Amino acid sequence: MNIKRIEIKGFKSFPDKTVLDLKPGITSIVGPNGCGKSNVMEAIRWVMGEQRAKSLRGKKMEDVIFNGSEKRKPVGLAEVRLVLSNAEGLGPPSMSDYDEIMITRRLFRDGESHYELNNISCRLSDVTDFFLDTGVGKNSYAIIEQGRVD
């Protein structure tokens, strides 16, 4: 399974809906310091079920919700949608009929959170179970830092 698209809204430095379409091959995110590169990786990790705020550079989970700026008001929720290509049928057997699988996670300021698999409400354990034996998970990515590519 490959990541096909990431939709981020209200997560950290992304107050408005941002859609990243990832084409087959190597994808890189480049930009100046402070532009949100790390936040994209953290959004992926979060939607895949990360529960430790510290792993997302926060003290509490609500820290992932856009907290406002000089020109913007805070938003009420963070939402990340991760769309995976299942064209090769490598997803769980229960999802073998789907060419795309979408995982969604929402967190509201009051602490309430929601998870979905293909727009059907589910539990965190369902999302975690989904990734078992797929070779994909919140810790299975690589970040190559500046100065490390030769």
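Tutor: Strand 5 and strand 6 run antiparallel and are joined by three bridges; two strands count as paired if DSSP finds at least two bridges between them. Within this pair, Leu117 faces Ile120 of strand 6. The model is predicted, so local features are given only at pLDDT of at least 70 and side-chain atom pairs only at pLDDT 80 or more, whereas totals for chains, interfaces and linings use all residues. Residues are numbered from 1 along each chain as its sequence is written, and side-chain values use heavy atoms, without hydrogens or water. Strands (E, at least two residues) and helices (H or I, at least four) are DSSP runs numbered from the N terminus.

Seven of the nine residues of strand 4 are buried, that is, under 20% relative accessible area with a 1.4 Å probe and protein chains only, exposed being over 50% and partly exposed in between.

These pairings belong to an open, antiparallel sheet of six strands in the order 2-1-3-4-5-6. Strand 2 (18–21) and strand 6 (120–122) are its edges, each pairing on one side only. From one strand to the next, the twist averages 20°. Helix 1 packs on this sheet and touches strands 1, 2, 3 and 4, contact meaning heavy atoms within 4.5 Å. The direction of helix 1 makes about 80° with that of strand 3; axes are lines fitted to C-alpha atoms, for helices over the stretch in contact, and angles run from 0 to 180 degrees between N-to-C directions.

The largest nonpolar core holds 30 residues, of which Trp46, Val64 and Phe130 touch the most other members. Strands 1, 3, 4 and 5 and helices 1 and 2 each give two or more residues to this core, and helix 1 supplies the largest share, five residues. Such a core is a set of buried Ala, Val, Leu, Ile, Met, Phe, Trp, Tyr and Cys residues joined through side-chain atoms within 4.5 Å. Beyond its neighbours within four places in sequence, Trp46 contacts residues including Val64, Val80, Arg105 and Leu107.
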